[in-house]
Amino acid sequence: MENAMLTESDTEQRLAARLKQLRVERGWSLDQLASASQVSRATLSRLENGEVSPTTNVLGKLCAAYGLAMSRLLRMVEDDFPPVLRRAGQSVWADPVTGFIRRSVSPPSRALAGEALECELGAGVTISYAASPRPGMEHHLLLQEGKLNVTVDGRSHDLQAGDCLRYQLHGASAFMTPPDSGARYFLFLV
C-alpha cells in the first residue's frame with residue numbers, strides 16, 4: 001500500500017512538472033494559459049506546484065488548450081512500458097471529484113498509433129469535455145457493463161452493454177451514466 005502511495009505521489013509530481021513544462025515551451029504566461037483553457041490562474045499555479053491534483057474536467061481543458069489527448073499527456077509522465085503489460089503494471093488514474101477511473105490498458109507510444117483505455121463511471125456521473133484535443137481523433141468505445149449516454153459533437157447516443165460507438169471527435173463530448181447504473185467500457189483511440 002505504501003509503495004502504491006509513493007508511486008501515485010511520484011506520478012502527481014511528474015504531472016505537475018510536465019504541465020509547467022508544456023506552458024513554458026509555448027512561452028505562455030499563467031494568464032495566457034488561463035485564458036486559453038478557461039481554468040483560473042490560481043488553479044493553474046497550484047497544479048504546476050503540485051499542491052492539488054487535477055480533475056478530469058481540468059485536465060480535459062488543459063489538453064484542449066495544448067492540443068493533446070489526455071492519455072498522451074499522462075503517457076508523458078508515465079514510465080516506459082514493455083510489449084506485454086500485465087494488469088498489475090497498468091497505470092490507473094482516478095478523479096477524486098467524479099470517481100472516474102481510467103486504466104491505461106495499452107498506453108500510447110511514439111511507435112504506435114493507437115491506445116486502449118478501460119474506464120469506469122459510477123451511477124449518476126457526467127463528465128464533459130469542451131473540445132477535442134486533436135480534431136478528428138478516432139474513438140471506438142465498447143461498453144462492457146451498465147448503461148452510458150455519450151454525446152459527440154451535439155449528437156446523443158444511448159449505449160447498452162455490448163454496444164460499440166465509433167466516431168471521429170471534432171468538438172465537445174460528454175459521458176453520462178443514469179442514476180441507477182454505472183458503466184465500464186473500453187475506449188480505443190487512434
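**Strand 5 and its partners**

I started with strand 5 (residues 137-152) and strand 7 (residues 164-169) in this predicted model, and they pair antiparallel over six bridges. Pairing here takes at least two DSSP bridges, and strands are DSSP runs of E with at least two residues, helices runs of H or I with at least four, numbered from the N terminus. Glu138 sits opposite Gln168 of strand 7.

Next I looked up strand 9 (residues 183-189), which pairs antiparallel with strand 5 over seven bridges. There, His139 has Leu189 as its bridge partner.

Strand 6 (residues 155-160) is also antiparallel to strand 5, with six bridges. The two make a hairpin with two residues between them, and Asp153 in the turn has a positive phi of about 50 degrees.

**Numbering and limits**

I count residues from 1 along each chain as its sequence is written. Local features need pLDDT of at least 70, side-chain atom pairs count only at pLDDT 80 or more, totals for chains, interfaces and linings use all residues, and side-chain values use heavy atoms, leaving out hydrogens and water.

Strand 5, strand 7 and strand 9 are among the elements giving two or more lining residues.

The second largest cavity holds about 40 Å³, and helix 3 (41-48) gives the largest share of its lining, three residues.

Terms used
On a 1 Å grid over the protein atoms alone, a cavity is a set of points where a 1.4 Å probe fits but cannot get out, and a pocket is an open set with protein on both sides within 12 Å along at least five of seven lines; lining residues have an atom within 4 Å of a point. Grid points are joined across faces, edges and corners, and a volume is the space filled by probe spheres set on the points.
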